Each structure stands twice: as C-alpha cells, then as structure tokens.
Amino acid sequence: MAQPFVKKDDDREDDAEYSPFMGIEKGAVLQEARVFNDPQLDARRCSQVITKLLYLLNQGETFTKTEATEVFFAVTKLFQSRDTGLRRMVYLMIKEISTSADEVIIVTSSLMKDMNSRTDMPSWTKIPWLQVLPSVSGIHLLQTNPEIVKRWSNEVQEAVQSRAALVQFHALALLHQIRQNDRLAVSKLVTSMTKGSVRSPLAQCLLIRYTSQVIRESGVNTQPGDRPFYDYIEGCLRHKAEMVIFEAARAITEFSNVTARELTPAITVLQLFLSSSKPVLRFAAVRTLNKVAMTHPMAVTNCNIDMESLISDQNRSIATLAITTLLKTGNESSVDRLMKQITNFMSDIADEFKIVVVEAIRSLCLKFPLKYRSLMNFLSNILREEGGFEFKKAIVDAIVILIRDIPDAKESGLLHLCEFIEDCEFTYLSTQILHFLGNEGPKTSDPSKYIRYIYNRVILENATVRASAVSTLAKFGAMVDSLKPRIFILLRRCLFDNDDEVRDRATLYFNTLGGDGPVVETDESVKDFLFGSLDIPLANLETGLKNYIQDPSEEPFDVNSVSKEVKSQPLAEKKVPGRKPTGLGTLPAGPTSAADAYERLLSSIPEFASCGKLFKSSVPVELTEEETEYAVNVVKHIFDQHVVFQYNCTNTIPEQLLENVTVIVDASEAEEFSEVASKSLRSLPYDTPGQIFVAFEKPQGVPTVGKFSNMLRFTVKEVDTSTGEPEGRWSGRRVPT
C-alpha cells in the first residue's frame, strides 16, 4: 500500500521528492485488483489500481504467467465501463501486459468493435484521441501477433475514411504495415488513396512517402519523366498544409535520375520556404537544397541570393547549411566574398558544423583550383584556432588532399602543416603529418627548410612522435644527397635518446644510409626499403622472429625466409537450424584461405576484374529472418576505390523456381557511393545456392560511411514437384531487413 502523505518539515535537510508510489508491493496491488470484479465499478478506484500496476511493470517488476493472465482477464472486464479515462487506462494496461499473458486474442473483438462502432452507446468513441487507441494497439500487436492484426483489414480500411485527422493517420500507418510485404497490395493501397480524399495532413505525408516507395520500386523499368503517381505528388505542392508541401518537395528531389523539369516546381517551393518566418521551415528547405546541390548544383543556383541572407541566421544549423550549399553551388567569382562571410561565422558554431564547412571548402577548392591560395589560407587560419581532434583531423585531411591534387599548392600546404605540428596536441595527427612530409617534402624545390620543423619534434615531443620524426629525417637523407651530412649529424644525436624505439630507428637508418662512410648516392634498394610497402604480412614476420629467438642460430635472421602467404581463418556462416549454407558464406577449412577464395572468385568475373587487389572481406551478415522462404546473406568486399556486395541466396521452396534474380540496392543514404556494376542470377532452383554481386565506387583516400537498403527482385515460376517442370509464372519481390 502507498504510504500516507506526510508533510515535509521545512527544516528537514533531505530534499528528496516524495513519491506517491513509495513502498507499494506487488502482492498488495494484486489484492487491490479485485475491485475490477465488483458489480458496480468505481472508475476512479480502478484507474488508480491500473496506475499502480503500470508503475510496477515500468520499474522492472516481473509477473508470473499466472499472475499476468489473471490481471489480464480482470482488466478485460472493465470494457463494460463507459468512462473514457478508464477505457484509455485499460488499453495501456493491455498493451503492457499482452506479452506476458496467455489468451490475449480475446480482446481483438473488443478492439475491432471500438475502432468502427457507429452506435451512441459507447460514447467514448466520439472522442478522436480515443478512436486512435485501437490503431496504436494494433501497430504494437503487429510486432508479436501479426496474424491476428491482419484479420482487421476491413475494419482498418473503414477507419482510414474517418474525418478525424489522427484516426486517419494511425489507421493508414497500420494498414500499410499489414500490407508492407505484398508489393501489389501496397500499390493498390496507394492507387486507391491517391484517388480518394485524404483530409489529414499527417496522413497525406504518410501517403506521399508510400507513393515515393512505389515509384522507387517501379523505377527500374520506368523512363525519367514518365513516373507513376508523379502528378499526385506534384499536386501536393499546392496543398494548404506546409508539412504536406515540404514532404512532396522532398520526395521529388529524392527521385532517382530526376530531370530538371521534375525538379523545378520542388525547388521553387523550397525557395519560398527560405524566406519563411518559421525556423523549422527554413531549416527543412535549406537542408533539402543542400542535398540537391550534391547532385544537381545548377538547379539550386537560383536560390543563392535567398541563401546568402541565411548566413546571418540566428539558428547556427540553418547558417551552416546555407554556407555549405553556397559553397557547392557558387561560381569562381563568388569564392572570395563567401570566404569573408565564413571567417566571421566560424567562431560561433560547434566543431561538428565546422567539419561540414571544411569538407565543403575542400570540394570547392578541387572545383576551382585557381582559388587554392585563399582557400588554403582560410584552412590554415582555422587550423590554429581552438578545436577538437575530429575538427583538426578534417582540416589536415583537406590540406593533404589539396596538396596531392593541386601541384601548385604543395609548398604552401606543407608549410602550413609544419607550422601546425609546432603546437599540435594530438599525437596521431603529428605522426600522420610527419609521414606525409617525409614522402612529399624531398620532392619540393627547397627541402632543407623543413628539416628544422622535423628535428624540433625530436627535441620537444613524446616518444611516438620522436620515432616518427627520425623516420622522416631518414627519408630526406635518402632522397636528397646534399642534405645527408646534416641528416647524419641529427641521426647521430638521436642514438642517445632515452626511448628504445627512437634509438633503434636512428641506429637502423644511420647504418642503412651509410653514416660511417663517405657521402654517396643512395641505392635504389635503400629507397625501396624506406618508401616501399612491406610485402610480408606482419603476423608472419612476428611468427618468424619468435621462432628465431626460441631457436637461435649463428646465421643472421633472413627476411626472405618469411612466408608471404596471407594466413586467415576461414569464414563460417552463422549456423541456423534448418537452413543450408548459402554460396561462399561457408568456405572449407583447408590450405586455401577464405580471402584467397574470394579474390579468385571476384577476379574471375569480368565486371569486377578491374577493381584491383582485395583489401578485406567481411563475415557474412544475415539479411533475412530464419523462417523466411528466401535465405539471403551478404559479404562486403573492400577494395581501394570500390565496395562489392556479394549476396548469397538460397531458394527454400520446392514448388518455386526463381528467375532473373537481382538485388536492387538503395544508396540514397550513401551519397558518396555510386553504383558502377552488377551481376544477377538467371535462375535460382530449389536448395541450390547462388550469388548476386553489386559494385559501388567510393572516393579514394577519404573515409566514407553509408547506409544501404536492399530489395530482392525476381520472377517466380511454379514447379510441379512430381516432374520438376515449371508451370505458370507470376512476379514477386521481397525486401530483406
């Protein structure tokens, strides 16, 4: 029982808040629940007891199966009450306890009756927010008992026609979830709803999203400019509700292969939103235009004047998006003006927004290489300002890319990096810059000017940076013979460092470069040693060195004796009862490694032979549930500039033959990736694994992250199991999760 209310003493030191539920026990509350059986129900008392039960459940109190079932049946007796507040509590209680109790199916008739009752007896059904509850309960129940909810289709269809906005919204969401795995049913739903009158703006937004899904799925065989339902979405641009207008505009901008004619009305609407007095509309519009600018920059140029006024917007998110959009759509003559505006703006935003601006400036510099001086100076200035690791790393990465892609920017960029490591607090960035400086510095017109910055790191930094600086000095000595005497002096000083790694590197490089003899030109083998990549796996080298130490010999350790074969564990597919391995998901444990098997497989396919050397392959990831009729998992193959998805598929239905099997990959949330090749399956017989491949190109040298969604598309032929011959045919598709 709840403790009686106690007045707080003003002088009491304990200021903890008083809880009306303090000290309640499960047994006592279950005894109180007997009031649900009273002939004359006390709605207020029943609501209080349900509140206590909900409190116990949300505090982690566990109910046994018997207790949960008894409470469930007792609560269902409250359906006879006409009190609206109590009815709402009943639905909350049913939703919370339905996963623990048995025989929950008995409430379905009450739910369906409450959703569509037209009589005046249950007066609570006249209240819209109460009419919403059955649909919300159905959405939750669909996750655990989908077969029950699917029987409600007719009742839900009637609820979709409701005049109440929230009722129509939730009913449409439930109806779509019931049909979401049936493409034809979803298409019919969209067709019927677009022809009817959807009054609720929220439901209209949902319908636009479902319509976009149908357009996206049918877009494979549809020519741009001839999309089904496009007229409906374009008509929504003239809706009176702003949320519907924006949803329609956003949907049009996300069409694949969208044309300029299709984009124009959407861009016009978004341009009007840029001058809205509502911050949420300005943010939504500029964010959408920012995405459009990545693929269609010319379509957004008409909005540049409106976006320039947003640079001074009080909302920093809006200002950041406006600037980055302008950087993507601006011309060469507007660069200097934008840089002046951005300089005053950068000090007022957080690091995460600064990173977005830096990436946009990098892209702009690559677009207009003649403007590298002003853009490089801007990057160097913000590099000296306060900021976190990710912000500094983004600037350093941008400068490195500009140095590699714009030859004229090399010397000024290297000097900016040298000045940065003079006061850099991040060891990782210092070592990365020193490594890059060792590769690019010797190729400049005056390499000697970088030596001072490098040796300062030997004097002032920690052991990790000192070791990296020693390696950089050695690279200058190997590439620039005129600097060798000075390099030898500096390396000789490093021989007395208090760190083993620094001393060992200094000794190795001093002897390799011939520091004890006359200054001569560096051999090509030495340059290969310093600049070339190690062609021996580190794991193999470590094993060889351990074996040499355990069994010493008078002969020196020979690197050539180390095996160059990559040894890796075979990939094993996750074992699922009743499912056969699919494709290369399981590879035999033998002398051939999984990596070698994958590399041979990919190199044998002409579409992927040009991808180069395989860097890494992932463990197979299941895309389908255990009980589904089509088993699919994916292996991700990573190359230098490509990512290849290998979909291992198995047909588990004896009565079906799948033909023209392809995987449609939606990369709308992976904007930096572009699909370049694919290989489909002509047929997929029963119980015979097959592979489908889709390749994407990614930017080189830039960390990229993306989210891909997949759809398995195929044609089904029904098979006579007695003869094995195909019979009729019908089309179908499935979306793996």
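This is a predicted model: local features need pLDDT of at least 70, side-chain atom pairs count only at pLDDT 80 or more; totals for chains, interfaces and linings use all residues.
The buried residues of helix α25 are covered by elements that include α23 (410-421), α24 (427-440), α26 (463-479) and α27 (484-494). Helices here are DSSP runs of H or I with at least four residues, strands are runs of E with at least two, and both are numbered from the N terminus. Helix α25 itself spans residues 451-460 and is mostly covered, with 7 of its 10 residues buried. Buried means under 20% relative accessible area, exposed means over 50%, and partly exposed lies in between, using a 1.4 Å probe and protein chains only. The buried residues of α25 are I451, Y453, I454, Y455, N456, R457 and V458.

Residues are numbered from 1 along each chain as its sequence is written, and side-chain values use heavy atoms, with hydrogens and water left out.

Let us turn to the chain as a whole. The protein chain has 31 helices and 10 strands. Of its 737 residues, 47% are buried. Contact means heavy atoms within 4.5 Å. Among contacts in the protein chain with a separation of 6 or more, 62% are between residues 24 or more positions apart.

Next, the nonpolar cores. A nonpolar core is a set of buried Ala, Val, Leu, Ile, Met, Phe, Trp, Tyr and Cys residues joined through side-chain atoms within 4.5 Å. Which residues touch the most other members of the largest core? They are L327, M346 and L379, in a core of 142 residues. Helix α22 (residues 389-405) supplies the largest share of this core, 9 residues. Not counting residues up to four places away in sequence, L379 touches V358, I361, I395, A398, I399 and L402. Another core, of 27 residues, lies apart from the largest one, and V35, I50, L54 and Y91 are among its members.

The place of L366 is in helix α20 (residues 351-367), and at 36% relative accessibility L366 counts as partly exposed. Leaving out residues up to four places away in sequence, L366 touches I401, L402 and D405. The C-alpha atoms of L366 and L402 are separated by 7.1 Å, although the two residues are 36 apart along the chain.

Helix α11 (residues 201-218) and helix α13 (residues 242-253) pack at an angle of about 10°, with their axes 9 Å apart. The axes are lines fitted to C-alpha atoms, for helices over the stretch in contact, and the angles run from 0 to 180 degrees between N-to-C directions. The angle makes α11 roughly parallel to α13; that term covers angles under 35 degrees, while over 145 is roughly antiparallel, 65 to 115 is roughly perpendicular and the rest are oblique. From α11, the contact involves P201, L202, Q204, C205, I208, R209 and S212, and from α13 it involves M243, V244, E247, A248, R250 and A251. These residues divide into 8 nonpolar, 2 polar and 3 charged. Here Ala, Val, Leu, Ile, Met, Phe, Trp, Tyr, Cys and Pro count as nonpolar, Asp, Glu, Lys and Arg as charged, and the others, Gly among them, as polar.

Where do the buried residues of helix α8 fall, seen down its axis? In α8 (residues 153-160), S153, V156, A159 and V160 are buried. They fall within an arc of 120°, so they line one face of the helix; the arc is that of the directions from the helix axis to the C-beta atoms. An α-helix has 3.6 residues a turn, so residues three or four places apart point the same way.

The loop between α8 and α9 (165-179) holds S162. Is S162 buried or exposed? S162 is buried, at a relative accessible area of 16%. Apart from neighbours within four places in sequence, S162 is in contact with Q131, V167, Q168 and R199.

By contrast, F496, in the loop between α27 and α28 (500-512), is exposed, with a relative accessible area of 71%.

Finally, N660 is located in strand β5 (residues 656-669). N660 has a positive phi of about 50° although it is not a glycine. Most residues other than glycine have a negative phi.
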